[in-house]
Amino acid sequence: MENKKLKIAITGGGTGGHLKIAKVIKEELNKRGLKPIYIGSTNGADKKWFEKDMGFSKKYFLSSKGVVNKKGLNKIISLINIFKLSLKAKKILQQNKINAVFSVGGYSAAPASFAALLLNRPLFIHEQNAYIGSLNKLLKPFSKRFFSTFLYNDPYPVEEIFFEKKRIRKELKTVIFLGGSQGAVAINNLAISLAPILKEKNINIIHQTGKKDYERIKEFYEKNAINADIFDFSKNLADKITKADFAISRAGASTMFELVANNIPAIFIPYPYAAGDHQYYNARFLEEKNAGFVIREEKIKKEKILEILFHSNLEEISKNLSKTVQKNGAEFIVDEIIKTLHQ
Ligand SMILES: CC(=O)N[C@H]1[C@@H](OP(=O)(O)OP(=O)(O)OC[C@H]2O[C@@H](n3ccc(=O)[nH]c3=O)[C@H](O)[C@@H]2O)O[C@H](CO)[C@@H](O)[C@@H]1O
């Protein structure tokens with residue numbers, strides 16, 4: 001089949017980490033003159049990210065919800081709901097004459113992924129993390145190709161801008177605090193405990209707080225007359241990261257690989273409740289390469305953080321990061337999908 005006629009459905013989301021992959025792959029398909037459709041959920045952040053996105057020819061938001069943490073009757077009800085939504089998604093795939101489904105995982109990927117299997121359409125899956133999520137684990141044996149940086153060394157699809165703006169860090173002038181797409185109270189608390197010391201040492205602060213904690217954090221900086229670039233969520237995170245020389249961050253996979261692409265050294269404080277402790281293993285992947293630090297949330301000690309901040313060799317870590325990263329992840333994935341479909 002001619003590439004121009006390929007119709008691909010991208011599905012999945014919930015949080016920024018999944019949605020970022022959907023966005024990057026959509027942009028790569030757009031570059032090749034292809035407009036995918038999107039099938040996500042009314043729950044989570046899917047609508048916020050894509051409702052107005054013109055890079056998709058059509059967008060569908062189904063009422064899918066998580067099943068993993070439910071028990072007993074609630075689990076059965078959720079499974080019935082997924083079954084019903086899968087039939088809806090099957091109709092959507094048929095109406096749009098979809099040739100293949102690309103899933104980025106998360107509960108919102110379930111209906112369209114099952115629909116692909118019901119219709120015997122090829123299913124491609126991208127797993128972002130070092131530990132495979134439950135839906136991805138279930139569907140992996142049925143997928144045509146399973147993309148993973150951790151398992152297969154596939155290049156992670158990072159937005160080009162993080163590479164364009166990369167630079168080797170040499171000196172600590174600015175620190176950025178990142179809580180992931182939803183923000184993290186533990187990172188916020190750490191930031192405000194370090195802020196007076198950073199101020200004293202003339203280090204600039206950039207701080208992404210997440211929506212829920214924004215007012216509290218803003219008030220803290222104001223009350224203490226500490227100058228900081230504070231925001232709940234930024235659409236130009238690459239600009240903010242590029243300005244900084246060091247990051248203190250959660251270890252969500254998309255954020256982590258963006259930091260790697262930008263060559264910025266970081267201390268990762270993994271979200272302790274991530275499935276299979278995957279944020280810890282995400283970050284360990286870098287620490288093992290002498291390209292980052294991992295500290296568990298319960299083991300945070302201000303002195304230890306300050307020692308890393310002021311006494312590590314930023315240039316060496318930054319150079320190690322530049323050796324770790326592979327470019328053109330999205331291009332690679334789309335090439336693989338097209339190649340597989342033509343086989
Ligand atoms: C609590 C939780 O379960 N988190 C998971 C979620 O994380 P989360 O949704 O936090 O995802 P990531 O940290 O992987 O990615 C966040 C994305 O949002 C973007 N961003 C963030 C802040 C901002 O101000 N602006 C902005 O654009 C980042 O550039 C990044 O691309 O999905 C990741 C990928 O599956 C997992 O590794 C995480 O464990």
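## The model

This is a predicted model, in which local features need pLDDT of at least 70, side-chain atom pairs count only at pLDDT 80 or more, and totals for chains, interfaces and linings use all residues. Residues are numbered from 1 along each chain as its sequence is written.

## Two domains

The chain is assigned domain 1 (3-158 + 327-342) and domain 2 (161-324). Such bounds come from an automatic or database domain assignment. The C-alpha centres of the two domains are 29 Å apart. Their contact takes 16 residues from domain 1 and 17 residues from domain 2. Two residues are in contact if their C-beta atoms, placed from the backbone, lie within 7 Å.

On the side of domain 1 that touches domain 2, helix 1 gives the largest share, 4 residues. Helices (H or I, at least four residues) and strands (E, at least two) are DSSP runs, numbered from the N terminus. By class, this side of domain 1 has 7 nonpolar, 7 polar and 2 charged residues. Here Ala, Val, Leu, Ile, Met, Phe, Trp, Tyr, Cys and Pro count as nonpolar, Asp, Glu, Lys and Arg as charged, and the others, Gly among them, as polar.

## What UniProt records

UniProt's unreviewed entry places "domain: Glycosyltransferase family 28 N-terminal" at residues 8-147. That span is 43% helix and 19% strand, and its end C-alpha atoms lie 16 Å apart. The unreviewed entry also places "domain: Glycosyl transferase family 28 C-terminal" at residues 174-320. Residues 174-320 are 47% helix and 15% strand, with 20 Å between the end C-alpha atoms. UniProt positions are given in the numbering used here, feature names are shortened, and annotations may be inferred rather than shown by experiment.

## Around the ligand

The ligand is surrounded by 23 residues. The closest are T15, G16, G17, G180 and G252. The shell divides into 5 nonpolar, 16 polar and 2 charged residues. Helix 1 (16-31), helix 11 (253-261) and helix 12 (278-287) each supply at least two of its residues.

Why does the ligand lie between domain 1 and domain 2? Both domains give residues to the shell, so the ligand lies between them.

## Binding-site residues

Under "binding site", the unreviewed UniProt entry lists T15, G16, G17, N129, S181 and Q279. N129 sits in the loop between strand 5 (123-127) and helix 5 (134-139). N129 is buried because it has 24 C-beta neighbours inside 10 Å. A residue is buried if 20 or more other C-beta atoms lie within 10 Å of its own, exposed if 12 or fewer, and partly exposed in between; C-beta atoms are placed from the backbone. Leaving aside neighbours within four places in sequence, N129 is in contact with A253, H278 and N282.

Q279 belongs to helix 12. Q279 is also buried, with 29 other C-beta atoms within 10 Å. Beyond its neighbours within four places in sequence, Q279 is in contact with R250, A251, G252, P270, Y271 and A274.

## Helix 12

Helix 12 is mostly covered, with 7 of its 10 residues buried. These are H278, Q279, Y280, N282, A283, F285 and L286. They pack against helix 6 (149-152), helix 11, strand 11, strand 12 (293-294) and helix 14.

An open sheet is formed by 6 strands in the order 9-8-7-10-11-12, and the pairing is parallel. Strand 9 (229-231) and strand 12 stand at the edges. Each has a single partner strand, so one side of each is left without a neighbour in the sheet. Two strands pair if DSSP finds at least two bridges between them. Strand 11 and strand 12 are joined by 2 bridges. In one of these strands, strand 12, F293 is the bridge partner of I267.

Most residues other than glycine have a negative phi. N263 has a positive phi of about 65 degrees. N263 lies in the loop between helix 11 and strand 11 (266-268). N263 is buried, with 24 other C-beta atoms within 10 Å.

N328 also has a positive phi, near 55 degrees. Its loop runs between helix 14 (314-324) and helix 15 (329-342). N328 is partly exposed, with 15 other C-beta atoms within 10 Å.

How values were computed. Near = placed C-beta within 6 Å.
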